[in-house]
Structures are given as structure tokens and as C-alpha cells.
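Q: I am new to this structure and would like to learn how to read it. Please take the features one at a time.

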Amino acid sequence: MPIATEIIAISEDTDALVRHADFPSHYVASRHVDIWLPPGYGLDPATRYPVVYMHDGQNLFDPAIAYSGVPWDVDAAVKVLMRTTGMAGVIVVGAWNSPARRREYMPLNGFAAMHRARRARFVVAHGGPPTSDTYLRFMVEELKPFVDTHYRTRPDAENTVVMGSSLSGLLSLYALEAYPHVFGGAGCVSTHWPGGGNRLVDAMGRALPRAGRHRLYFDFGTETIDAPYEPYQRRFDGYVRAAGYTPGRDWLTLKFEGAEHSERSWRERVYLPLRFLLNRDGQD
């Protein structure tokens, strides 16, 4: 089936935002997919780029469609990193969420570990059990092959990162655990551990791949929805250490005092996971 393509914006820096409207899938409802191409992409046909796959794609670039009118401004963050670190650039793929967001983003391994009553409440509240496994099949079997075919990517796991915030932070971790041969890094921003509690933390902690081929980034604030996150994150950090990850080398967990659970907060620090997860040549 042909996929509709629209150029949303081309800046003076020659970066571009491309929208593939109503991207079809055998696994999930169709949705828009926005793809940002870095400055210089159209100038050198020999250059290939790492790719960051992000969820909640409508919140990444455009204030007109972002939740609360504040986008992450991922494009601006990448351009700053290109200027300050010499990074050649990165392609950012943002798949929009759907009305079934909570079902699509709740990790199935964590859900299965939850108390029966908590699972039942989720099913009643959201119209069914999680469908995160089928969402990940959409990403891995449909979206990624399309991106690798139509754009100049570096398709190996070392150059493929998945990232999100809140519940999609959990999903990003689940993606790396379910497909460690596809995703080399996961950026989990304001990870919503209370969505499943300690049983989810333990189930996802036990599913971590051993250290050596992956990078993990976690962070949390201390205000609004982020306020109760720290004990869960520290519990999960214990599993990260046990799996052999080393702080500053292939794993970071950062705390941001006074930061709230919002796109505004994530915009202020999105350069940190990008820099860490894409910096394969050195330390921070």
C-alpha cells in the first residue's frame, strides 16, 4: 500500500521534517509518523545516520500539535549537539500515539507480574489488556524496515536508539529487552514505574540484557507526577548494576530536583539522553 508523504518544514539550516500520514500497519491502528532529517542530509548522499525512534511523536517538534502546546524540540537539541560535539547528526522518527496509548505502551512482562486485581483494574479502565507486543512488532517489522529502506540509516543495533517519557519510557525499556538485537540503547525519561509498581520493576529488571552491547539512560524529577518515582528507580538501578552496567559508561540515572512531569521539563534536558546514547566514541 502506498504511504502518503508530506514535507512539513524545511529550515534555513537545511534540516527537514517529513510526515508519513496514516502509516498503515497489520498490528496497530494507522497513525502519522514524523521523520526529522538533520542539517546536511540532503547535501551528501554518501552519509548514513543513526536513528532515534521516539513515541508520542506529535509532542516532539510542533507546538501547534504538542500536548499543552510545548514540544520537546528534539530537532533543536540535535542541532546543538552537532555544533558542540561534532556529531554528524541523527534521524529522529516519531510515531504518534493513538487513543489506545495506555494499552500499547504498558509492557506486557511487567503487566503479567502485577497482582491480579491490579491487572483487572487496568483492563476495565482501558478496554482490554496491554497490546505492547503488537505495537513493538509494528515498530520492528514495519516501521523500522520502511525507514531503513527509504532513508540513509545505519540500521545496526549500535546505531538504533528507542526513547520516550512516562509510560513510553517504560515501553522504550521493554523494546530493548524484547529486541536487544534491534535496539542498542534506550532512553527512559521520567519513567512511570508506579504504573505497575514493584512487581513491574522486578519483572523488567530480571529481563535486562547483560551489559556489553547496550546503553541505558533513566531520569526523574521530584515534582508533580514524578514525585514518587525515586524509590522505584533506585530499586531498578539495583538490577542494572547486577546485570553488569557501569555508571557513566553504559548507564546513567539522573535526578532533577524541582523538575515536573511535563514536556517543558523534558525539553530542557532531552540533549542529555541523546548525547549519552549516541556518544559511542567516548565518555561524558
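**A pocket, then the fold**

A: The second largest pocket holds about 370 Å³ of space. This is a predicted model, in which local features need pLDDT of at least 70, side-chain atom pairs count only at pLDDT 80 or more, and totals for chains, interfaces and linings use all residues. Residues are numbered from 1 along each chain as its sequence is written, and side-chain values use heavy atoms, with hydrogens and water left out.

Q: How is a pocket found, and which residues lie nearest the centre of the second largest pocket?

A: Rolling a probe the size of a water molecule over the atoms shows where empty space is left. On a 1 Å grid over the protein atoms alone, a pocket is an open set of points where a 1.4 Å probe fits, with protein on both sides within 12 Å along at least five of seven lines; lining residues have an atom within 4 Å of a point. Grid points are joined across faces, edges and corners, and the volume is the space filled by probe spheres set on the points. Here 15 residues line the second largest pocket, and Tyr67, Arg101, Ser166, His261 and Glu263 lie nearest its centre.

Q: Which helices each supply at least two residues of that lining, and what is its make-up by class?

A: They are helix 2 (101–105) and helix 9 (263–269). Helices (H or I, at least four residues) and strands (E, at least two) are DSSP runs, numbered from the N terminus. The lining has 4 nonpolar, 7 polar and 4 charged residues. Ala, Val, Leu, Ile, Met, Phe, Trp, Tyr, Cys and Pro count as nonpolar, Asp, Glu, Lys and Arg as charged, and the others, Gly among them, as polar.

Q: Are Ser166 and Thr224 buried or partly exposed?

A: Buried means under 20% relative accessible area, exposed over 50%, and partly exposed in between (1.4 Å probe, protein chains only). Ser166 is buried at 11% relative accessibility, while Thr224 is partly exposed at 48%.

Q: Why is helix 7 described as largely enclosed?

A: In helix 7 (residues 197–206), 7 of the 10 residues are buried, so the rest of the structure largely encloses it. Its buried residues include Leu200, Val201 and Met204. They pack against helix 3 (108–113), helix 4 (116–126), helix 6 (167–178) and helix 8 (229–242).

Q: What does Ser132 touch?

A: Contact means heavy atoms within 4.5 Å. Beyond its neighbours within four places in sequence, Ser132 is in contact with residues including Arg103, Glu104, Leu171 and Tyr174. Its side chain reaches the backbone nitrogen of Leu108 at 3.1 Å. Ser132 lies in helix 5 (residues 132–150) and is buried, at 0% relative accessibility.

Q: How many helices and strands are there in the protein?

A: The protein has 10 helices and 9 strands. Of its 284 residues, 55% are buried. Its C-alpha atoms fill a box of roughly 55 × 45 × 35 Å, taken along the principal axes.

Key:
A polar contact is a pair of N or O atoms within 3.5 Å; within protein, one must be able to donate a hydrogen and the other to accept it, and residues adjacent in sequence count only if both atoms are side-chain atoms.
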